[in-house]
Amino acid sequence: MSHKRSAVVIYVTVYVILLLLLALTVEAARHDLGYWNFAVSLLIATVKAVVIALFFMHVWNSTRLVKLVVATSLLWMVILFTLSLADYWTRDWDSIVGGSQDVTPLDSTH
């Protein structure tokens with residue numbers, strides 16, 4: 001009987017955490033954070049996904065191999081999102097430095 005009660009307490013706690021993260025998502029959407037909009041939204045969504053994976057997908061009580069696979073997948077996701085953010089944040093650098101006007105041709109004979 002105590003096992004069932006502890007599982008209910010865990011699920012209610014996770015539910016409250018997810019509701020708080022939802023409220024944080026709504027509050028973040030109300031503010032213009034400039035370039036940080038995407039990063040903040042992505043961070044909140046990642047935390048939600050990790051909480052869901054740990055408790056609803058039972059990764060928290062899984063074997064070490066399952067935890068290794070999940071950790072490796074998260075590392076790969078971080079790498080992909082970091083590269084995506086690097087591309088997104090540097091897209092307007094070309095217009096800041098003058099674009100193609102600053103490039104001198106290799107074959108300048110004049």
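This is a predicted model: local features need pLDDT of at least 70, side-chain atom pairs count only at pLDDT 80 or more; totals for chains, interfaces and linings use all residues.
The protein chain contains four helices and zero strands, and its elements follow the pattern α-α-α-α along the sequence. Of the 110 residues in the chain, 11% are buried. When contacts between residues at least 6 apart in sequence are considered, 64% join residues at least 24 apart.

Helix H2 (residues 36-55) packs against helix H3 (residues 64-89), with axes that come within 11 Å and cross at roughly 170 degrees. Because angles over 145 degrees count as roughly antiparallel, H2 is roughly antiparallel to H3. On the H2 side, the contact is formed by Trp 36, Phe 38, Ala 39, Leu 42, Thr 46 and Val 50; H3 contributes Leu 74, Met 77, Phe 81, Leu 85 and Trp 89. By class, 10 of the residues in this contact are nonpolar and one is polar, while no charged residues take part.

The largest nonpolar core comprises six residues, namely Val 14, Leu 18, Leu 21, Ala 28, Ile 44 and Val 51. Helix H1 (2-30) and H2 each supply at least two residues of this core, and the largest share, four residues, comes from H1. Leu 18, one of the core residues, touches Lys 48, Val 51, Ile 52 and Phe 56 when residues up to four places away in sequence are not counted. Among these partners of Leu 18, Val 51 also belongs to the core.

Methods. Residues are numbered from 1 along each chain as its sequence is written. Side-chain values use heavy atoms; hydrogens and water are left out. Axes are lines fitted to C-alpha atoms, for helices over the stretch in contact, and angles run from 0 to 180 degrees between N-to-C directions. Angles under 35 degrees count as roughly parallel, over 145 as roughly antiparallel, 65 to 115 as roughly perpendicular and the rest as oblique. Contact means heavy atoms within 4.5 Å. Ala, Val, Leu, Ile, Met, Phe, Trp, Tyr, Cys and Pro count as nonpolar, Asp, Glu, Lys and Arg as charged, and the others, Gly among them, as polar. Buried means under 20% relative accessible area, exposed over 50%, partly exposed in between (1.4 Å probe, protein chains only). A nonpolar core is a set of buried Ala, Val, Leu, Ile, Met, Phe, Trp, Tyr and Cys residues joined through side-chain atoms within 4.5 Å.
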